[in-house]
Amino acid sequence: MEERYRPKAIEQKWQRFWEENKTYQATEDGGKPKYYVLEMFPYPSGRIHMGHVRVYAIGDVIARFKRMRGYNVLHPMGWDAFGLPAENAAIERGIHPAKWTMENVAYMRDQLKKMGISYDWDREIATCDAEYYRWEQLVFIRMLERGIAYRKRSSVNWCPSCQTVLANEQVEGGRCWRCESEVTKRDIDGWYFKITAYADELLDWCDRLTGWPERVITMQKNWIGRSEGAEFDLPVVGRSELKFRVFTTRPDTVFGMTYAVLAPEHPLVDQLVTAPGERDAVERFRAEVLKQSEQERVAEDRPKHGLRLSARAINPFNGVEIPLFIADYVLMIYGTGAIMAVPGEDQRDWDFAKTHGLDIIETVKRPANWSGEAYTGDGIKINSGFLDGLTVADAKRRATAWLVERGLGEAKINYRLRDWGISRQRYWGAPIPVLYCDACGMVPEKEENLPVVLPRDVQISGKGGSPLVSHPAFASAACTRCGGQARRETDTMDTFVESSWYFLRYCSPQYDGGMVEPGAAAYWMPVDQYIGGIEHAVLHLLYARFYTKVLRDLGLVNVDEPFNALLSQGMVVKDGAKMSKSKGNVVSDDMIREKYGADTGRLFELFAGPPEKDLEWSDQGVEGAYRFLTRLWRFIFQHRYALIAAPSALSPNELSGDLRNLHRLIHRTIKKVTEDIEDRFHFNTAIAAIMELFNALSAAAQDESRLDMAAPVIKSGVESIVILLYPFAPHIASELWESLDHKTTLDAVGWPKHSPEALEEETLLIVVQINGKVRGKITVPADVTQERIQSEALADSRVAGFLDGKRVQRVVYVPRRLLNIVVEG
C-alpha cells in the first residue's frame, strides 16, 4: 500500500479486475431474490459530463447495495441510438449518422467504464441495431392486425424551402430552425398507435404505482386527462345546415354561456368565413398562431388572443345568440376543437371576456365573503332557468338529462390523451414494415423478411425530405400479397418506440426467437427500481407503460406495468442553470476523473443533496470529497499493521466508557446508512454519517496511551466504514479492504448488520424544560423510571431555581428524551 492516494492507478486496477472476472454478469438464479435496477439509457450525443454522472452514480449505489444484501442484481446499459441529433450532425459535419452515433457510443462506453459503474456489459444494446428493431417491426405488424396501429391524415409543420417536415422543436418563432423560412402547415398521412384504447387502464393503474413519486403520478393523470361531462351542438345563426359540437365538464353553467370559441384550424371556420376581408383577417390570425407551439398556446400564464367572427352561434338552452371567436388557446387536437365559454365560472374565459368586453353572467351563488373573479366552487344555481335552486352536482345531471331527452346531446367521457403519432419523415430511425401496392393497397411486410433494414448508402442534405424516398433499392419492393410492384413506407418510427421496450430486451439481449425470451422476462420483470429525470415523467413513461400492456395482450410478457418504483433525480445546476452543452456550463467528467478520480466525482454528487432535489455544482465540494477520501487513505496507511493485527472478535460487554460509546456509534452508523439507502435513498445523510464515524475513529486513535485497548474497536469501525463506503466509492473501498489483508474482495462481502444490543444506551441525557423553555439537562441510567427522572429533575439546582416555589400543574414526559414541567403563572 502506497502512502499517497493515487486514484487513477487504483481505479484502473479494479475496473480491470471487475471486467476480467465478469463480476457484474447477471444470470437467472432461483435461489436468490432478484433485483432489477435501471437508469434511463442515454442518447449517445458525444460526451458524458458531470450533469449526467449523477443518475448513473445513483443507480450504481443501489445496485451494489442490493448485491451485498444478497440479491441477484441485473444492472444493464445500452444506447437510445436513433434520433434527430444524428441527422443534424450529418448535415453540419458531413458524417454519416451511423458513424457519428457509434463513435459516440464507443467514447461514452469508455467513460462509463472509467466511472466504475457496475454494469453487465454483456447485455449492452443499441437501438439502431437491426437485430434490435426487427422485433418492434414484428410487434408493429401484430398491432396493425389488431387495429392498434393505424394510418390517418394529420397536420404537420412544413418548411417550403427545405421541402421537409419539421418537428415542433425545429420550429423557432414560426420559422425553420435551419433556413429561417416561414413554416406552414401541411396535411399528410401518418401512422398512429391507439394509446387511447388503454386510457382507462393507464389511469386506473396510476393509483397502484405506489413506488412512484406523487408528482409524476399527477402529471400522468393530467396528461391522460379523463373528464366527465356533456357534449352537444351549437347551431350557427342563419345557417341551419351548420353547427359545431362542444364538450363541457360543467353543463350546469350553460345559462352563463356568453360566447363560443373555435380553434383557428377548425374545418368549420372556412365555411363560416366567406367575405374576402374577413378571410384575410382569419389567415393573418392563423399565421400568427402558427408561430406558437402547442404548449405555448395552452399555457395558463400567457395572454389569450382571439378574433371575433361575423358569424354567431345559438345557445340551445335559452335560444340566445352569442358571439363566435377563433382563439389561440383552443386546439383542434383537444376535445372537439370548440368550446362554450362561461366567464362567470371559468378564469380563462373570464380573462378573455374582460379583454373583449363580453358579458359575464354568474350562475352559481357566491359565498358571502367572495371578492374574486371567476368562481369555480360549489353552491346553489342562480340565473340558470330550470336549474335555479339546484346544487352544482344536481344541475350537472339535470342539464345533461335535458340534452339527452331532446336529442341535442349526450353524457360523455373525454380524454386529453391523444393517439400516439409515431411517423417521422426522417432517415435515422427504425423503418416501418409496410408496403403500398396499386392493386392490393397497404400491406404489411412478411415476417420472414424482417428486419426491414435501414440502408446506410444515403446522402443526407436536410432538404427534400427523407433520403429514403429517393433510395430506389429501399423504396421499391415486391408486394407481399400479389408479387407486383410496390412502394415501401419511407417514414421511420418515433424513437420513443425503441425506448418503450428496451428494458425488456435487456432480459435476454441475444435471444433470436423473439423480442424477449419468456423465461427471462418472467424472472426479471418488472424493473424494481427505475431512475431518470423528471423531464421524462409523461411521454417516455406513459409510452413504456402503454407498450408493455400491448405486449402483455399480445402474449409476449406477463406483467401489467414495466416499473415497480421510480426515482426522478434532480438536475445538476451550475451558474444558475441546468448543466448542459447548450448553456456552455458543463464540467467534464474526464477532467474530474483525471484530477481527482472517479470516486471523488461520484461521492460529491451523492453527498451534495438528496437525489430528488437539484444539485448545485461546487468546485469546493469536489475538493472536500477528495480531501475526505485522502484522509481515510492516509489514516488506514498509518494504522494499517495495527489494524491487521488487532483481534476482530468484539463483545460490547468487555467495553466501557468512551470505547463502548464508540462501539455504539459504529452500529448506529451501520443502521443509519442501511436505512438511508434502503428506505429513503438519502445518500447524502448516509455519507455524512460515515464521515462522522471516521472523525470519531480518528479522534480515538490520537490517544496513543490507549491505542492497544482501542485497536479492536477502531478496527471494527474502519472495516465498517470501508464496507459502507463501497457503494458510493467502490474503487478506493475495494483497495482499502484488500490493504487490510482481506482475501475476499468487497464484491463478495455481505452488507454489515447492526447489533441491537450494541445500540443500547447505559445512560440517558434528558432535557428538562419549564413551560417549554430549556432550563437544564440531567444524566440518568437508561433503565430508570419516569418517577425517578421527575424526582431528579425537580431536585436539580438549576431547575429548582426556575421553579421558585411555583405550583406544578402537570409533567409531560417524552420517553428517553425530554421532561417538560408545566407550572402556574
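**Salt bridges and their labels**

Tutor: D553 and R552 form a salt bridge, with their closest N and O atoms 3.0 Å apart. This is a predicted model: local features need pLDDT of at least 70, side-chain atom pairs count only at pLDDT 80 or more, and totals for chains, interfaces and linings use all residues. Residues are numbered from 1 along each chain as its sequence is written, and side-chain values use heavy atoms, leaving out hydrogens and water.

Student: Why is the contact of D553 with R552 called a salt bridge?

Tutor: A salt bridge is a side-chain nitrogen of Lys or Arg within 4 Å of a carboxyl oxygen of Asp or Glu. The closest N and O atoms here are 3.0 Å apart, so the pair qualifies.

Student: What makes D553 partly exposed?

Tutor: Buried means under 20% relative accessible area, exposed over 50%, and partly exposed in between (1.4 Å probe, protein chains only). D553 has 45%, so the label is partly exposed. Shared partners also join E201, R545, K549, R552, D553, D560 and E561 into one salt-bridge network.

Student: Which label does D494 get, buried or exposed?

Tutor: Buried, because its relative accessible area is 5%. R424 has 22%, so R424 is partly exposed.

Student: What makes R109 and E124 a salt bridge?

Tutor: Their closest N and O atoms are 2.9 Å apart, so this pair passes too. By this rule the count comes to 64 salt bridges.
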